[in-house]
Amino acid sequence: MGFLSGAYGKLMAGKYYRDLQYKQTLVTTQVRRATKEVADMEKYLSRMEKQVNANMQLAMRNAYVSAGFFKDYDFTGTNGGSPIGTGTWTDGQRQDYQAFTQMIQMQMSQAQSVWQMQFDMIREAMLQPLKDKEDELQTELDSLKSQTLIAEQEYKAKQEEEKSGIQYLKPDYTGQG
């Protein structure tokens, strides 16, 4: 009876083992795909954030230009690099420039804070579900790997049971039984 039990058990354990291997392959593919999606989304959000920062820097430069501080600016540096132009600064111009610079920097800082909060919310909304999916798939993969190891051990045990059962089916011609 050990031979039949072992043979049938080996067939069933082998089928279960192969099914688990197949599922493991599918889940491994899904994990890779999810990991790639997370990486792509992180790249996309980083590019978007860099673009917004570049646009803010451009807006800050445009604010300086539109304020008139650089209308006669000598970009060659021959006049000492004065932003007011060819003349020297008066105290009033210097104070206006410093006040304007502080205002623009404060606005820039506030805008960066707001955008940083926006990007944190966007990351939370767009990236976190992908990471959760990736974690869920990785957990499933780890579970399948454990189950596959157990199924492989069961398969080998049933093979041994089948082999040991064969010995009882061999005819004994010596009569020593």
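K36 counts as exposed because its relative accessibility is 53%, where exposed stands for over 50% relative accessible area, buried for under 20%, and partly exposed for the range in between (1.4 Å probe, protein chains only). The structure is a predicted model, in which local features need pLDDT of at least 70 and side-chain atom pairs count only at pLDDT 80 or more, while totals for chains, interfaces and linings use all residues. Residues are numbered from 1 along each chain as its sequence is written, and side-chain values use heavy atoms, with hydrogens and water left out.

**Salt bridges**

A search of the whole structure finds 8 salt bridges, a salt bridge being a side-chain nitrogen of Lys or Arg within 4 Å of a carboxyl oxygen of Asp or Glu. Side chains of opposite charge can pair when their charged atoms come close. Among the salt bridges found are the following pairs.

| Pair | Closest N and O atoms |
|---|---|
| K15 and D19 | 3.2 Å |
| D40 and K36 | 3.0 Å |
| E49 and R123 | 3.2 Å |

The partner of K36 is D40, which counts as partly exposed because its relative accessibility is 34%. Because D40 and K36 are 4 residues apart in helix α1, about one helical turn separates them; helices here are DSSP runs (H or I, at least four residues), numbered from the N terminus.

K15 and D19 likewise both lie in helix α1, 4 residues apart, or about one turn of the helix. With a relative accessibility of 41%, K15 counts as partly exposed, and D19, at 34%, counts as partly exposed as well.

The salt bridge of E49 with R123 links two helices: E49 lies in helix α1 and R123 in helix α2 (residues 91-169), so the pair ties together parts that are 74 residues apart in sequence. E49 counts as buried because its relative accessibility is 16%, whereas R123, with a relative accessible area of 23%, is partly exposed.

**Nonpolar surface**

Y8, L11 and M12 make a nonpolar surface patch of about 340 Å². Such patches are made of residues with over 30% relative accessible area and no salt bridge, nonpolar side chains (Val, Leu, Ile, Met, Phe, Trp, Tyr) being joined within 5 Å and like charges within 9 Å, and the accessible areas come from the Shrake-Rupley method with a 1.4 Å probe, where for residues only the protein chains shown count as cover.
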